[in-house]
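Here is a briefing on one protein model. Look at the structure first, then read the points by topic.

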Amino acid sequence: MYKKQVALQKILCIGMLIVCALIFLYSLGIMTDLYDALYDTIRNPEKLEKTTVTGSRIYYDMQGFNKDFLHASIGMLLLCLTLFVTNTHSRRKYYIGNYVSVGLVAAGGCAFTVWAHRQIEAFKAQFLQINFEELAAHAAKKKTLYTESTFWFDIHYLAFGLLMLGIVLLIANLIWKRKLMKEEQTLLKQGKEAVA
């Protein structure tokens, strides 16, 4: 039973690292369409109201969030690395460092998900306030990207859904590990009593 559990925990730890790497890549790409479509609509960043497309200031409004999102995704990657530093991916028995690592990843991932979801949904609502007729005219005139797609906002459901699934599985794995460790202790105790 331990072999299956150890194999599963290794897959979970690697999976969490991959999911966090994907969220990092997502943080790099979330502004891609906004840059291509809206950057050219505001000539003077100090006068965001003067624009050829109503609502295009979202590109500048999201800059602070994008920076924080990038930093948070790097932080989440580092938290996931603690699973490997503490050998949570390969250890047969868990020690305090393993519990702390899983706890930090779970707490950090939940906080990150809630924060990012709120921010991204607010910016999606702001994006939908853009005057897309003006944007289409601007794109045709300047030969820039025209998009009404909310893909980069919506994909966060998949990215953070995978993160939350990974957290649930890490916690389930931790509970299974504790159960196996208790069963092993009971068997060892019974073996000692039988010998005595």
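Buried means under 20% relative accessible area, exposed over 50%, and partly exposed in between, with a 1.4 Å probe and protein chains only. By that rule Trp115 is partly exposed, because its relative accessible area is 29%. The model is predicted: local features need pLDDT of at least 70, side-chain atom pairs count only at pLDDT 80 or more, and totals for chains, interfaces and linings use all residues. Residues are numbered from 1 along each chain as its sequence is written, and side-chain values use heavy atoms, with hydrogens and water left out.

**Core**

- A nonpolar core is a set of buried Ala, Val, Leu, Ile, Met, Phe, Trp, Tyr and Cys residues joined through side-chain atoms within 4.5 Å.
- The largest such core holds 44 residues. Leu34, Ile58, Met62, Phe69, Phe160 and Leu163 have the most contacts inside it.
- Two or more residues of this core come from each of helices H1 (2-29), H2 (32-38), H3 (58-61), H4 (63-85), H5 (96-127), H6 (132-142) and H8. H5 gives the largest share, 8 residues.
- Helices (H or I, at least four residues) and strands (E, at least two) are DSSP runs, numbered from the N terminus.

**Helix H4**

- H4 has 23 residues and spans 33 Å from first to last C-alpha, close to the 33 Å expected at 1.5 Å a residue. The expected span is 1.5 Å times one less than the number of residues.
- Its buried residues include Phe65, Asn66, Phe69 and Ser73. Met76, Cys80 and Leu83 of H4 are buried too.
- Phe69 touches Ile23, Tyr26, Ser27, Ile30, Phe112, Trp115, Ala116, Ile120 and Phe160, not counting residues up to four places away in sequence. Contact means heavy atoms within 4.5 Å.

**Aromatic rings**

- Rings of Phe, Tyr and Trp (its six-membered ring) pair if their centres lie within 6.5 Å. Planes under 30 degrees apart count as stacked, over 60 as edge-to-face and the rest as tilted.
- The whole structure has 17 aromatic pairs.
- Tyr26 and Trp152 are stacked, because their ring centres are 6.4 Å apart and their planes lie at 10°. The pair links distant parts of the chain: Tyr26 in H1 and Trp152 in helix H7 (residues 151-154) are 126 residues apart.
- Tyr26 is buried at 5% relative accessible area, whereas Trp152 is partly exposed at 24%.
- Phe65 and Trp115 form a tilted pair, 5.4 Å centre to centre with 40° between the planes. Phe65 lies in H4 and Trp115 in H5, so this pair ties together parts 50 residues apart in sequence.
- Phe65 counts as buried because its relative accessibility is 5%.
- Ring pairs link Tyr26, Phe65, Phe69, Phe112, Trp115, Phe123, Phe151, Trp152 and Phe160 into a cluster.
- Lys177 lies over the face of Tyr94, 4.9 Å from the ring centre. A charge sits over a ring if NZ of Lys or CZ of Arg is within 6 Å of the ring centre and within 35 degrees of the ring normal.

**Buried asparagines**

- A polar contact is a pair of N or O atoms within 3.5 Å. Within protein, one must be able to donate a hydrogen and the other to accept it, and residues adjacent in sequence count only if both atoms are side-chain atoms.
- Asn173 sits in H8 (residues 156-195) and is buried at 3% relative accessible area.
- Leaving out residues up to four places away in sequence, Asn173 touches Gln5, Leu8, Gln9, Leu12 and Tyr94.
- Asn98 is in H5 and is buried at 0% relative accessibility.
- A polar contact of 2.9 Å joins the side chains of Asn98 and Thr88. A polar side-chain atom of Asn98 also lies 2.8 Å from the backbone nitrogen of Tyr95.

- Leu12 lies in H1 and is buried at 10% relative accessible area. Beyond its neighbours within four places in sequence, Leu12 is in contact with Leu169, Leu170 and Asn173.
- Lys50 is in the loop between H2 and H3 and counts as exposed at 60% relative accessibility. Neighbours within four places aside, Lys50 is in contact with Thr41 and Ile42.
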